[in-house]
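Work through the exercises below with the model open. Try each task before you read its solution.

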Amino acid sequence: MVFAAIVAVQIEDLLSSVIAVGAVGLGLSLAFLILKAPDLAITQLVVEILCLIILIRATINKDLPVIRDGRWFFNTTSTLLFIAIFLMFAYFALRELPHFGQPIMRVAQEYINQGKELTGATNIVAAIILDFRGYDTLGEATILFTAVMGVLAIIRRVGRINEE
Amino acid sequence: MSEYILCFALFSIGLYAVLRKRNIIKIIIGLGIIEYAVNLFFVLIGYRTHGRAPILAKDQSILNMVDPIPQALVLTSIVIGLAVTALIVAIAIRIYEKYGTFDITKIRRLKG
Amino acid sequence: MKNEAGMTLIVKTITRLTVGLILLYGIYIVLHGHISPGGGFAGGVIIALSFIHLMLAFGREMALKKLSQAAASILESLGALMFLTVALLGFLGGYFFLNFFLHKGSPFALFSAGIIPLCNIAISLKVGAGLFAIFAALVLFRGIGEKE
Amino acid sequence: MILPFFVIIPLGAAFLISLFGKKIKNFADLLANLATFSLLVFSLYSIPQVFAHKILVYKVGSWIPPIGICMVLDGLTSFMLVTINLVSFLVTIYSVSYMEKYTDKYRFYTLFMLMLAGMNGIIVTGDLFNLFVFLEIASIASYALVAFGTEAEELEASFKYAVMGSVASSFVLLGIALLYSYTSTLNMADISLVLSGKPTNTIVGFIAVLFLAGFGLKAALVPFHGWLPDAHPAAPAPISAMLSGVFIKTLGVYALCRVFFNILTVSHQLLFVLIVLGLISMVVGAFLAIAQNDIKRMFAYSSISQIGYIIFALGVGTPLAILGGLFHLFNHAVFKSLLFLNSGAIEYSVHTRNLKKLGGLNSRLPVTSYTSLLGSMSISGIPPLGGFFSKLVIIIAAIQAGYFVFSIVAILVSIVTLAYYLKFLNFTFFGKLDEVRLKIKEVPWAMRLSMIVLAIICVASGLLIVPLFKPFLESAVNVLLLGSSYKNAVFGALK
């Protein structure tokens with residue numbers, strides 16, 4: 001997946017790079033399945049397909065000259081240096097997290113133990129997003145609504161009424 | 001540990017794409033990769049060794065499940081990512097229509 | 001715009017066969033969201049995909065005949081309002097977002113878990129219509145001079 | 001009990017407007033104004049509630065907080081709510097006339113209401129992930145609103161803004177993920193409870209840096225300020241007023257101080273970082289503002305400079321400094337939105353924003369010129385007005401805390417501010433009137449009304465600081481001073 005991501009960023013042809021992103025997304029979907037998150041796997045899969053269609057729609061049929069990246073060696077090095085420092089700090093910080101595979105589950109255990117009795121849903125993820133944290137989901141639905149409204153507003157052909 | 005580091009590597013690749021690329025579509029792709037990395041990280045921290053998916057079967061009594069909260073959160077954040085991508089692509093298409101290019105260095109009408 | 005009306009015959013035939021199935025699968029996922037993996041979002045996206053599929057295969061007129069863009073955005077607002085209403089109905093029990101069904105039904109049944117299936121349906125309506133509206137807008141934009 | 005309505009009203013209004021706005025004429029105007037007015041009433045009503053109960057916690061869906069989401073009403077919340085809803089109410093009145101220039105007005109109102117819902121949601125929530133969700137609502141709505149004119153510059157500014165904003169959100173989300181992994185809870189008070197049981201170490205610092213980067217990007221502190229001078233001028237004037245006036249403060253300053261003071265209880269080094277960032281923003285913003293010829297760009301740089309003052313005051317961290325910072329936040333919300341509305345009025349009647357092409361508008365636009373005179377005087381700190389007192393309080397507090405050099409810099413920046421606002425007034429309202437413009441008329445009444453009201457508040461906040469604002473501000477300051485005992489207050493209110 002990391003490899004596919006590098007390919008996606010570095011490849012010159014835009015269409016191939018979009019397809020490489022698709023590979024990253026599908027890899028992510030598989031990873032979710034391995035990590036025991038079937039809900040996410042399904043959602044990620046379909047969302048990925050939709051994203052790809054939208055992105056391909058944006059890139060296809062446009063005469064795209066190959067854009068060379070900036071040749072300033074200095075800028076690239078400084079960016080890489082910044083990222084390296086970021087990763088180093090991240091490494092030190094991550095060492096203090098609980099080990100992989102052993103989450104603390106302070107609140108989560110209560111959901112698992114009582115989720116069925118309290119909400120009646122057997123899919124605990126559904127119980128969380130729609131009942132315990134339903135307010136979040138309202139926000140999430142609103143985000144999508146906002147995006148739709150935003151797209152419809154941006155796509156308008158005429159933005160301003162001319163007074164003259 | 002190595003899983004976390006790989007995840008951060010993915011994050012950095014996305015960040016690099018956003019910071020250094022000149023093509024608008026590449027920048028959008030970079031944003032997408034950052035989004036993936038954060039989502040993956042969320043799910044990774046919720047994983048429990050030999051855990052089960054957080055869905056009860058008919059006669060199940062084992063409660064050794066992976067952490068369901070990050071999954072619920074990631075579900076939200078996937079949708080957020082989709083919304084942001086759609087909006088930015090719409091802006092990008094309009095920009096392409098106005099300028100006829102995806103090259104960010106040629107789109108420089110604003111100063112500063 | 002007639003020359004753009006869809007792809008080859010093979011694609012059209014297969015689409016005709018599969019679109020219904022995709023739509024049904026989406027609805028199944030929505031309704032069983034509280035029992036099995038999936039839920040409003042995944043289901044809604046699948047429903048939207050079935051319409052987008054139609055649009056890709058047959059060209060935009062065909063899909064828009066089934067569900068016009070204005071209808072899509074109205075459906076979306078309705079879905080959003082329905083979700084908000086479900087949330088507001090919680091005030092019957094005294095709290096915002098209260099799961100107001102007193103007995104939650106037997107687990108594993110289709111009609112169980114209080115407000116969760118209702119929310120799922122509302123969300124799927126919203127997501128499906130909304131994504132279709134986005135897509136239709138992005139596609140329509142390229143047909144110059146058609147809108148308005 | 002009133003808390004959920006701060007989110008429900010704008011959301012419901014947004015959905016209804018998008019449903020009926022196209023069919024029924026003037027429905028959108030009416031409903032939007034009604035919604036913001038009722039929000040203003042609710043937020044004013046929250047003040048006595050806070051005085052009576054100190055802190056109120058509302059459990060969404062009747063789940064006890066670590067399990068469900070809660071909303072918290074305390075001094076800081078009600079302070080921010082009043083600021084936001086006051087400005088947004090006046091801005092909606094203004095946009096009834098102003099937005100006639102654009103097509104699809106109802107879409108504008110829908111997005112506006114969604115942005116408002118997002119900001120109110122950020123303020124009232126007591127849950128970290130919920131804060132992120134509403135942050136995204138507000139940001140996405142603002143990306144779309146910046147590009148609302150669909151001209152080339154606006155699209156470009158919006159793209160830049162959207163990319164920076166999404167990166168910022170990713171940083172915030174990463175911070176939340178790390179925090180969740182470390183504490184295994186998402187409720188703010190609960191996180192603070194868990195963190196107080198553990199020794200401070202690298203990870204908390206790392207998380208704090210991530211949050212600083214994320215919220216700093218949203219607040220346009222100087223290393224991260226690139227998007228603001230493009231995005232704010234590109235938006236329609238009411239939106240510029242909202243963005244500069246309250247948006248960057250809600251998403252940046254409020255979220256930053258909530259997280260830093262109440263959840264993470266940051267160390268002195270980090271507060272010093274805040275001071276330095278604030279100072280740099282102050283200086284850079286002010287000097288870039290002088291060089292501008294576009295009115296709105298000048299105001300946008302001035303926003304960066306004033307945000308610098310607020311962050312500087314929060315970084316100093318003494319009670320007096322925080323009081324000054326919050327008071328300055330309120331003042332800045334009022335006079336910066338006033339100034340942006342003025343610039344909108346100028347653009348509305350003259351169709352240009354270039355300072356070199358303006359002049360002598362004093363006689364033609366009397367209301368605009370007098371209100372912007374008041375606004376400019378207040379922002380540059382002329383004595384009887386609000387801006388003077390807030391800057392004075394900040395500088396006194398900085399001297400008391402021993403930051404002599406920094407406070408001298410702050411005074412100098414204030415003088416620079418006066419200089420560029422004099423430039424603005426001089427080029428716009430005085431001097432020779434272009435003969436083509438002899439016929440221009442004053443802007444419609446709705447725009448005039450909101451400008452006049454904002455100017456009155458500008459004067460009033462200076463004159464009434466002691467009797468009216470002090471208890472109000474102090475209850476907000478107390479919340480930040482509570483620091484880590486915030487958790488006790490929240491859990492105490494639950495029992």
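**Exercise 1.** Find which helices of chain A have the lowest and the highest mean pLDDT.

*Solution.* Start with the source: this is a predicted model. Next, take the chain as a whole. Chain A averages a pLDDT of 71, and 58% of its residues score at least 70. Now go element by element. Helix H1 (residues 2-10) of chain A has the lowest mean, 60. Helix H7 (residues 134-154) of chain A has the highest, 82. Keep one caution in mind: where pLDDT is low, the predicted coordinates should not be read in detail.

**Exercise 2.** Decide whether Glu136(D) is buried or exposed, then list its contacts beyond four places in sequence.

*Solution.* First, locate the residue. Glu136(D) sits in helix H5 (residues 128-146) of chain D. Second, count neighbours. The cut-off for buried is 20 or more other C-beta atoms within 10 Å. Glu136(D) has 29 C-beta neighbours inside 10 Å, so the residue counts as buried. Third, list the contacts. Beyond four places in sequence, Glu136(D) touches Ile143(A), Ile80(B) and Ser169(D). Last, check a C-alpha distance. Gly165(D) is 29 residues away in sequence and 9.1 Å away in space from Glu136(D).

**Exercise 3.** Describe the side of chain D that touches chain B: which helix gives the most, and how do the residues divide by class?

*Solution.* Begin with the count. 27 residues of chain D contact 27 residues of chain B. Then assign elements. H5, helix H6 (152-183) and helix H9 (228-234) of chain D each supply at least two residues of this side. H6(D) gives the most, with 17 residues. Finish with the classes: 18 nonpolar, five polar and four charged residues on the side of chain D that touches chain B.

Terms used
Residues numbered from 1 in each chain as written. Chains lettered and ligands numbered in written order. Predicted model: local features only at pLDDT ≥ 70, side-chain atom pairs only at ≥ 80, totals over all residues. pLDDT = per-residue confidence, 0-100. Helix = DSSP H or I, 4+ residues; strand = E, 2+ residues; numbered from the N terminus. Buried ≥ 20, exposed ≤ 12 C-beta atoms within 10 Å, placed from the backbone. Contact = placed C-beta atoms within 7 Å. Nonpolar A, V, L, I, M, F, W, Y, C, P; charged D, E, K, R; others polar.
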